[in-house]
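Student: Hi! Could you walk me through the packing in this one?
Tutor: Happy to, let's look at it together.

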Amino acid sequence: MGKASKKVKRQVQKKAGEQQIKLCQGKEAELEAAFDREDYVKVLDLLAELITAKDIKPDLMYKGAYSYFMLGDYERAAQWVTNTLNYAPDDIDTRILLARLCFIQNRHDDGLAIYDFLVEHYRHSMSQEQTGQIIDSSEYYVRREAEKL
């Protein structure tokens, strides 16, 4: 009887795990759609549900950081950037967001240092969009802070 009850328990746990995975996949798709619509409050709500379900993925964490950034909560955005980089230290988008946070906080030298690091180490693996973000942000900085340069 002991073996049979353990087997049933494992099957129940396996089925519950499979249901949880399907639920999380649906929430992930919903999060992606909300992010594409720029509905950042919805992104954060869905992310909270996924985190509660222990569905922690770096790309979802980045979307949370970016959502906080776009909503103007730079402190939480920085916390989520740190969390994301703990899971995915090579994530280029997260590092670009970190540089943007540095510029907003008047830590221009740190922001430029991050861009230098990215160009030096990830130049060949960056997409055109990522390169364009760095160029646009740098040009904006140069226009605003030309006298400091």
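Student: Leaving aside neighbours within four places in sequence, which residues is Met61 in contact with?
Tutor: This is a predicted model, and in it Met61 contacts Ile56, Trp80, Asn83, Thr84 and Tyr87 once those sequence neighbours are set aside.

Student: How far apart are the C-alpha atoms of Met61 and Trp80?
Tutor: They are separated by 6.6 Å, with the two residues 19 apart along the chain.

Student: And where is Met61 found, and is Met61 buried or exposed?
Tutor: Met61 is in helix α3, residues 58-70. Met61 counts as buried because its relative accessibility is 3%, which is under the 20% cut-off.

Student: OK, what about the largest nonpolar core, how many residues does it have?
Tutor: The largest nonpolar core has 23 residues, and Leu31, Tyr66, Trp80, Val81 and Leu97 have the most contacts inside it. Helices α1, α2, α3, α4 and α5 each supply at least two residues of this core. The largest share, 7 residues, comes from α3.

Student: What does Leu97 touch, not counting residues up to four places away in sequence?
Tutor: Leu97 touches Tyr62, Ala65, Tyr66, Phe69 and Val81. Apart from this core lies another one of 12 residues, including Cys102, Leu118, Tyr122 and Met126.

Student: Switching topic: where is His108, and which side chain does the side chain of His108 make a polar contact with?
Tutor: His108 is in helix α6, residues 108-122. The side chain of His108 makes a polar contact with the side chain of Asn106, at 3.4 Å.

Student: Is His108 buried or exposed?
Tutor: Buried, because its relative accessible area is 10%, again under 20%.

Technical notes
Residues numbered from 1 in each chain as written. Predicted model: local features only at pLDDT ≥ 70, side-chain atom pairs only at ≥ 80, totals over all residues. Heavy atoms only, no water. Helix = DSSP H or I, 4+ residues; strand = E, 2+ residues; numbered from the N terminus. Buried < 20%, exposed > 50% of the residue type's maximum accessible area, 1.4 Å probe, protein only. Polar contact = N/O pair within 3.5 Å; in protein donor to acceptor, adjacent residues only side chain to side chain. Contact = heavy atoms within 4.5 Å. Core = buried A, V, L, I, M, F, W, Y, C linked by side-chain atoms within 4.5 Å.
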